[in-house]
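Please examine the structure shown below.

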Amino acid sequence: MDLEQPFPKGTHAFVPPHCPRVKCAASVPGGTFTWQYRGFFRRHCDGRLVQRYLCLACNRSFSVQSFRVDYRLHKPSLTFDIFNALVSKITHRQTARIFGCNRKAVSRRIHLLATHARDFHKELLTRTKAAGGLPGSFQFDELETYEHSRRLKPVTMPVLIELKSRFVVHLETAPLPPRGNLKERDRVRALELEKEEGGPRLSGSREAVKRCLSILVDVLPTDRHVVISSDQKSSYRTLVAELIQTPCTHARHPGTAERSSKNPLFPINHTLMMLRDGVSRLVRRTWGASKLRDRLTLHAWIWVAYRNYIRGFTNKSRDVSSAQVLGVLKRKFSPREFFEWRVTPR
């Protein structure tokens, strides 16, 4: 299935690529798969007529709907409203109030949207690697936020981008230890958290940055000199030297310099500012902060899909996406197009 044009001749020409049943022998894409038509049914939620099929390997039926992102959703139109809210700095609860739905509906949509966004991004990187590797120069830095408690449970979020297109290659989240100079009540609470979590809260910054760089190393072309830039944090130098075996230049710039457009770190600084401005969980010191780090990661991946594939590159270049500027895709998606078909790996 093509990521950009899954069905160029229209959905009426849909050919099931594999059986959607996980336990079926024909569930692996690219294997031998025989099927036959088995009538239609009409969806109650939107009145759409859906073709059914019969898998001749497991003798069970499925439909076109089995390959769509809105599979089993009673209110599929709500998905795009929630997506627009999630990338527009609207909190989880306020989204539920605006669209008149339960908070659990918003929570489930976050998981659905983030899972599809990561699957799409992972498959795109896989295909880009097969086509010769990811072009460009790269830059990374860490954004600091927190989960539930700003002083007791800080969180780091390393973000890696391509320099000119601002294409987000990868991001991670990891815990940080409690801040110093805690008040007495905070020290007591920190000790209670250590007992609840089975040990002290340690820094995961180095491992998170390492995972980001490992993703980059996996998709870099082996015959090209790579330029990576960051601030002067000491662990960055050792990680880049440890992980990147191809010819590489690591440019290190002072992180204390004025954050203007003349700063060499402006691309990553600007990306992190956009991330804070779009994701309500990252707005500084509000009750909208994330209570669980895993939920923050899911929300951030929804924004990555928006930034890379849906949003215009700049306000003056609204018709091209970051992925187009980088050259890894030939089209810009709308939310409805991006969250229409599930990703089928090659």
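The chain of this predicted model has an average pLDDT of 92, and 99% of its residues score at least 70; pLDDT is the predictor's confidence in each residue, from 0 to 100. Local features need pLDDT of at least 70, side-chain atom pairs count only at pLDDT 80 or more, and totals for chains, interfaces and linings use all residues. Residues are numbered from 1 along each chain as its sequence is written, and side-chain values use heavy atoms, with hydrogens and water left out.

**Confidence**
- Confidence is highest in strand 6 (residues 168-171), at 98, and lowest in helix 4 (residues 184-197), at a mean of 92.
- Helices (H or I, at least four residues) and strands (E, at least two) are DSSP runs, numbered from the N terminus.

**Helix 2**
- His-92, Thr-95 and Ala-96 of helix 2 (residues 92-99) are buried, meaning under 20% relative accessible area with a 1.4 Å probe, protein chains only.
- The buried residues of helix 2 line one face of the helix, because they fall within an arc of 100° when seen down its axis; the arc is that of the directions from the helix axis to the C-beta atoms.

**Largest pocket**
- A pocket is an open set of points on a 1 Å grid over the protein atoms alone, where a 1.4 Å probe fits, with protein on both sides within 12 Å along at least five of seven lines; lining residues have an atom within 4 Å of a point.
- The largest pocket has 27 lining residues, and Gln-65, Ser-66, Phe-67, Tyr-71 and Arg-342 lie nearest its centre.
- Helix 3 gives the largest share of this lining, four residues.

Notes
Buried < 20%, exposed > 50% of the residue type's maximum accessible area, 1.4 Å probe, protein only.
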